[in-house]
Amino acid sequence: MTSVAVALLTAAVVIVFALMIAVGAGTLARLDGATYPAALMRAAAAFAASITLATAVAGVLSQYLI
């Protein structure tokens, strides 16, 4: 039961960090003069990249932790 809870909490933390990265990227893009749709696209790309990176790191670490 505790391993399921740890996995769910880890996933929640990763999603929160990815959202914070996306907000930061969108804000910086908007401050740089990008339009709202362009800033939203940059935020979405940053969110997808951070989730992809977290998935890749988890896949590599799972080989050593299990």
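Reply:

Ile66 lies in the segment after α2, which spans 36–65; helices here are DSSP runs of H or I with at least four residues, numbered from the N terminus. The model is predicted, so local features need pLDDT of at least 70 and side-chain atom pairs count only at pLDDT 80 or more, while totals for chains, interfaces and linings use all residues. Residues are numbered from 1 along each chain as its sequence is written, and side-chain values use heavy atoms, with hydrogens and water left out.

Ile66 is exposed, with a relative accessible area of 87%. Exposed means over 50%, buried under 20%, and partly exposed in between, using a 1.4 Å probe and protein chains only.

Ile66 belongs to a nonpolar surface patch with Leu53, Val57, Val60, Leu61, Tyr64 and Leu65, and together they have about 830 Å² of accessible area. A patch takes residues with over 30% relative accessible area and no salt bridge, and joins nonpolar side chains (Val, Leu, Ile, Met, Phe, Trp, Tyr) within 5 Å and like charges within 9 Å. A salt bridge is a side-chain nitrogen of Lys or Arg within 4 Å of a carboxyl oxygen of Asp or Glu. Areas come from the Shrake-Rupley method with a 1.4 Å probe, and for residues only the protein chains shown count as cover.

One patch member, Val60, has its C-alpha atom 19 Å from that of Ala18, 42 residues apart along the chain. Ala18 is in helix α1 and is buried, with a relative accessible area of 2%.

Terms used: Helix = DSSP H or I, 4+ residues; strand = E, 2+ residues; numbered from the N terminus.
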